[in-house]
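Q: Could you take me through this structure step by step, giving the general idea each time before the case itself?

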Amino acid sequence: MPAEHAVELRDGWEPLVRAWARRIGEPVASEDGALYLEARAGGPTGPRLTVDISRAAGSLVVAVTDGTLISPDRLAPTAAAATAWNSREVTPTAILGDIRSEAPLLSAVLALPLASHLTATGFASTLDSLLEAAVRLLRECHDLGFVLRSTDDLATRE
C-alpha cells in the first residue's frame, strides 16, 4: 500500500474536507469561501452537529455547534462554563457568538495553521476527534449553564 501524500492546508483544505465528508456520508455546502456540513458525532446515532470550515488570519478554522442559541438568562453562566472549559481543556476552544443571530451560539472551535501538512487520514482523524471533543464541550457548557442559573440551586447553597 503506497504512503499517503501530505497536503498543505493552505491550498489543499477543501479537497480534504470533501473527502472527509464523503467518508462520513454527508453532503457539503459552500458559501462565501466556507464549507458547511452536518455530521453525527460517534456514528449514526450520535448528536447532529453543524461543522463550518473556513480560512481566517492564516488558519483553517473549524467551528462545530449543535445550533442551540443561548438565551439572555443563560448567557453569563454559559460564558462562565466556557471559560472553565477553555482554562482546563484548551482545545477545542469554547466560543460564544454568531454574527448571523442576535442570540449567541456556543461553538467548539479548532484553528489549524494553513502551513500545516496533513494526509487525508490525518485530517479525517483530526476532525473525528474534534467532533467527539465538541460533544463533551457543548454538553458540559450547556449543562453547567443551566445549573449555574438555577435559583433553586443557589437557594440550597445558602
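A: Let us begin with a helix lying on strands, where helices (H or I, at least four residues) and strands (E, at least two) are DSSP runs numbered from the N terminus. In this predicted model, local features need pLDDT of at least 70 and side-chain atom pairs count only at pLDDT 80 or more, while totals for chains, interfaces and linings use all residues. Residues are numbered from 1 along each chain as its sequence is written, and side-chain values use heavy atoms, with hydrogens and water left out.

Q: Across which strands does helix 1 lie?

A: An angle here is taken between N-to-C directions and runs from 0 to 180 degrees, the axes being lines fitted to C-alpha atoms, for helices over the stretch in contact; contact means heavy atoms within 4.5 Å. Helix 1 (residues 9–24) lies across strand 2, strand 3, strand 4 (48–56), strand 5 (59–65) and strand 7 (106–113), and runs at about 30° to strand 3. Helix 2 (residues 72–89) also packs on the sheet, where it touches strand 6 and strand 7, and its direction makes about 160° with that of strand 6.

Q: How do I read the order of the strands in the sheet?

A: Two strands pair if DSSP finds at least two bridges between them. The order in this open sheet of 6 strands is 2-3-4-5-7-6, and the pairing is antiparallel. At the edges are strand 2 (29–31) and strand 6 (93–96), each of which pairs on one side only. From one strand to the next, the twist averages 30°.

Q: Over how many bridges do strand 4 and strand 5 pair?

A: Strand 4 and strand 5 pair in the antiparallel sense over 7 bridges, and Ala56 stands opposite Ser59 in strand 5. Their hairpin has 2 residues between the strands, and Ala57 takes a positive phi near 50° there. Strand 5 is also joined to strand 7 by 6 bridges, again running antiparallel, with Val62 opposite Leu110 in strand 7.

Q: Is Ser59 buried or exposed?

A: Buried means under 20% relative accessible area, exposed over 50%, and partly exposed in between (1.4 Å probe, protein chains only). Ser59 counts as buried because its relative accessible area is 17%. Strand 5, where Ser59 is found, is mostly covered, with 6 of its 7 residues buried.

Q: Which residues is Ser59 in contact with, leaving aside its neighbours within four places in sequence?

A: With those neighbours left aside, Ser59 is in contact with Ser54, Ala111, Leu112, Pro113 and Leu114.
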